[in-house]
Amino acid sequence: MMTNSRSEGFGAEVKRRILLGTFVLSAGYADAYYNRALRARAKIRAEYLAALSQVDILLTPTVPTPAFKVGEKASDPLQLYLEDIFTIPANLAGLPALSVPCGQSGHLPVGFHLVGAPLSEAKLLAAGRLFEAAHGFAHQQAAL
Amino acid sequence: MSSSSDWEVVIGLEVHVQLHTRAKVFASSSWGFGQEPNEQVDPVVLGLPGTLPVVNREAVEKSILFGLVVGAEIPARCAWDRKNYFYPDNPKNYQLTQKDFPVVIGGSVEIELPGPSRNVMGEHKHVRIHHAHLEEDVGKLSHAGSGSLVDYNRAGVPLLEIVTEPDLRSSAEAEAFLRALVAMLTQAGVADCDMEKGQLRCDCNVSIRHPGAPLGTRTETKNLNSISSVRDTVIFETARQIRELEAGRTITQETRGWNADLGRGYVLRDKEDAHDYRYFPDPDIPTLELSRATVERLAKQVPENLFDRQRRYMDTLGLPFTAASVLVANRELAEWFELSVAAHPANPQGIANLVANDLLRDLSAAGSTTGFDEAAPAPVSLSSCPIKPAQLAGLVKLTDEGVISKQQAKEVFAEMFKSGQDAAAIVDAKGLRQNSDTGELEKIIQEVIADPAVAKSIAEYRAGNEKAINALKGPIMKRTQGKANPGLIDQLLRKALG
């Protein structure tokens, strides 16, 4: 039952991550992958904190490109992972982040992404609210 | 080439102790012995989706207390890891344990080896603790017929794994270490260590080498549940490894089991089959800061080390080793003894004799023996002891003052244990007060020695037969109805006989 429910119930991406996680934690590989990744994460956090000691908020696009078609990149997991390039660092660094719709590219909606220092949620929300108040499309729907 | 007689055995122990706490280590479920299967579980214990573990403060504090008892370093923080494995004794498929940041680092346990005879103290040495980590116990499987039954009552019970350095050099040292460890754990209230209930289990690492040589390949015998199993495992494994090496074979690093019924070990799995636990930091439990204020508060709860206490009893109170070692083995008994001494400081030895012999015997008559250490005296509780410390002091004082004899003291003690009355009240009620009135006694002595029936004995005594005087004491004692102080009779009789 366990084998069947897991082979049928888990999608390709979930299985990929389970296998990858098992592999990088295995004896002999934990140091090369997992512990190295932990060090990389610590470095990412340190760099963010250094940047945030100079400025209040870091601003990037939320994702690198406007939305692509369903299934368009399903065969290329690396391309899919790259879609998260601006959002994942905040998770890794343990920092609050806010995505705000800010306009359209062609007929597709796009947003920007604000990252703040630890416990700066109020500041991020205030900045998002300021932007929405100054622009008219906060309540617009994209024409699909 | 070295001769076969100079092999040295090197032993390291991993002792798993269930901590004395009300709740489980990461869940609010209670735990205890003798419940119906799977009664003491909750969603966290079962690892159901959406549940989160929360560290039990009591379990952490008991762990820190252990560390302070053995003089360990309590680090600024500790953290938990997931040890992944697939076996139904653990519903989550991982055990929460501490791999890199344990709660206790270092420390040592003083041990006492058996002396050349029962009443001579043996050698003392210190066994270093590598670290101790706080983890969760796992469930119990019973294999019955075609299937297996799972009981998760034990799953999630706080378990402190105490890991020694490879400092032990004989089965006797391993035994002495476990005895000292159990005494320290129970006296500090860290754990109850009842082996019959599985509260203390031991993994035993054994290797052999020629003295001074690098450590040999070790084997690990797992899940030993009594001191005698540990001792027998060391003896068995030492003999087996010597046999292998002297036959020109090598020792395989392997995990072994122990069959106590057959008195022999067996291979469970070798190194190739070793589990890969894929440890990683548990994301559900944050790193725990161990505050210095907590450590300082717990430091005040550390009881006097039992061997420090033993030295104090022998050096300051002048107790013989046998009495001192019996008293310090039980903290409650030792503290009771000290209260009694405080009430009559003139004769600690007299009090110690009554406590270590008579009181302990009568108290343990109704008690049961511990499962873990068959050789240990029965555990006794003084909470229901009918005699209070000051009352015992009163009895010893009456004896010291010559009011009653030592023989009569035994009789009074028995009555005190039965009724809880003061010694003086019993002495008066039974009319035991010794006659120390010299005038009346001198009169009786004169009457007795005037009796022609004893003339022969008197003549013999006067002729230098020292023993002949004893024949006179019986009639004197008889006429006083046994109430006369024997010392006083002797003194006055000699005076009367010139």
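Predicted model: local features only at pLDDT ≥ 70, side-chain atom pairs only at ≥ 80, totals over all residues.
Residues are numbered from 1 along each chain as its sequence is written, and chains are lettered from A in the order in which they are written. Local features need pLDDT of at least 70, side-chain atom pairs count only at pLDDT 80 or more, and totals for chains, interfaces and linings use all residues, while side-chain values use heavy atoms, without hydrogens and water.

Chain A contains six helices and three strands. Helices (H or I, at least four residues) and strands (E, at least two) are DSSP runs, numbered from the N terminus. The order of elements from the N terminus is α-α-α-β-α-α-β-β-α. Chain A is more spread out than a compact globule, because its radius of gyration is 19 Å, well over the 15 Å that the globule rule gives for 144 residues. This radius is taken over C-alpha atoms, and the rule is 2.2 Å times the number of residues to the power 0.38. The C-alpha atoms occupy a box of roughly 55 × 40 × 25 Å along the principal axes.

Of the 144 residues in chain A, 18% are buried. Buried means under 20% relative accessible area (1.4 Å probe, protein chains only). The accessible surface of chain A is about 10200 Å², and carbon and sulfur atoms hold 62% of it. Such areas come from the Shrake-Rupley method with a 1.4 Å probe; for residues, only the protein chains shown count as cover. Contacts (heavy atoms within 4.5 Å) were also counted. Among those in chain A between residues at least 6 apart in sequence, 54% join residues at least 24 apart. Chain A carries 13 positive and 11 negative charges, whose mean positions are 5 Å apart. Lys and Arg count as positive, Asp and Glu as negative; His and the chain ends are not counted. Each charge is placed at NZ of Lys, CZ of Arg, CG of Asp or CD of Glu.

Chain B has 15 helices and 16 strands. Its radius of gyration is 30 Å, whereas a compact globule of 498 residues would have one near 23 Å. The C-alpha trace of chain B spans about 100 × 60 × 50 Å along its principal axes. Buried residues form 49% of the 498. Of the contacts in chain B with a separation of 6 or more, 69% link residues 24 or more positions apart. Chain B has 55 positive and 67 negative side chains, and the centres of the two sets lie 4 Å apart.

Strand pairing was then examined in chain B. Two strands pair if DSSP finds at least two bridges between them. Strand β1(B) covers residues 8-18; 10 of its 11 residues are buried, so the strand is largely enclosed by the rest of the structure. β1(B) runs antiparallel to β11(B) (residues 200-209), with 10 bridges between them. Here Val9(B) has Ile208(B) as its bridge partner. Five bridges join β1(B) to β10(B) (residues 158-164), again antiparallel. Val15(B) stands opposite Ile162(B) in this pairing.

An open sheet of three strands has the order β4-β3-β15 in chain B, with antiparallel pairing. β4 (94-97) and β15 (280-281) stand at the edges with a single partner strand each, so one side of each lacks a neighbour in the sheet. Four bridges connect β3(B) (residues 81-84) with β4(B). One bridge partner pair is Asn84(B) and Tyr94(B).

Technical notes
Buried < 20%, exposed > 50% of the residue type's maximum accessible area, 1.4 Å probe, protein only.
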